[in-house]
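Thanks for making time for this one. I would like to walk through a single chain, going from one residue to the overall picture.

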Amino acid sequence: EHSGLRVVEWKDTTASVVAIAGQPSEKARLSKLGVALIAGDDFPERSMNATKSLAAGRLSNIVISAEKPA
């Protein structure tokens, strides 16, 4: 808001991110032929560390929608 944007929605999606972390499609995304091709070989490890931190309450996943007033 200090930059001139108006917050339309502020949503904490932490629980959703933690819930999908163990799903088979998520495990496939972390494979060598998934996002790691772009994000680097250590992406699966970084992703697991982030998920553990989210589950432990050390991180939050927040989605903010904002707009610039006319």
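This is a predicted model: local features need pLDDT of at least 70, side-chain atom pairs count only at pLDDT 80 or more; totals for chains, interfaces and linings use all residues.

Does threonine 51 count as buried or exposed? With a relative accessibility of 19%, threonine 51 counts as buried, since buried means under 20% relative accessible area, exposed over 50% and partly exposed in between, with a 1.4 Å probe and protein chains only. Residues are numbered from 1 along each chain as its sequence is written, and side-chain values use heavy atoms, with hydrogens and water left out.

Threonine 51 sits in helix α4, residues 43-55, where helices (H or I, at least four residues) and strands (E, at least two) are DSSP runs numbered from the N terminus. Apart from neighbours within four places in sequence, threonine 51 is in contact, meaning heavy atoms within 4.5 Å, with Val18 and Ala21.

Turning to the other case, tryptophan 10 belongs to strand β1, residues 6-12, and it counts as exposed because its relative accessibility is 58%.

As for the whole chain, it has 4 helices and 2 strands, which run β-α-α-α-α-β from the N terminus on. Of its 70 residues, 14% count as buried. Among contacts with a separation of 6 or more, 66% come from residues 24 or more positions apart.
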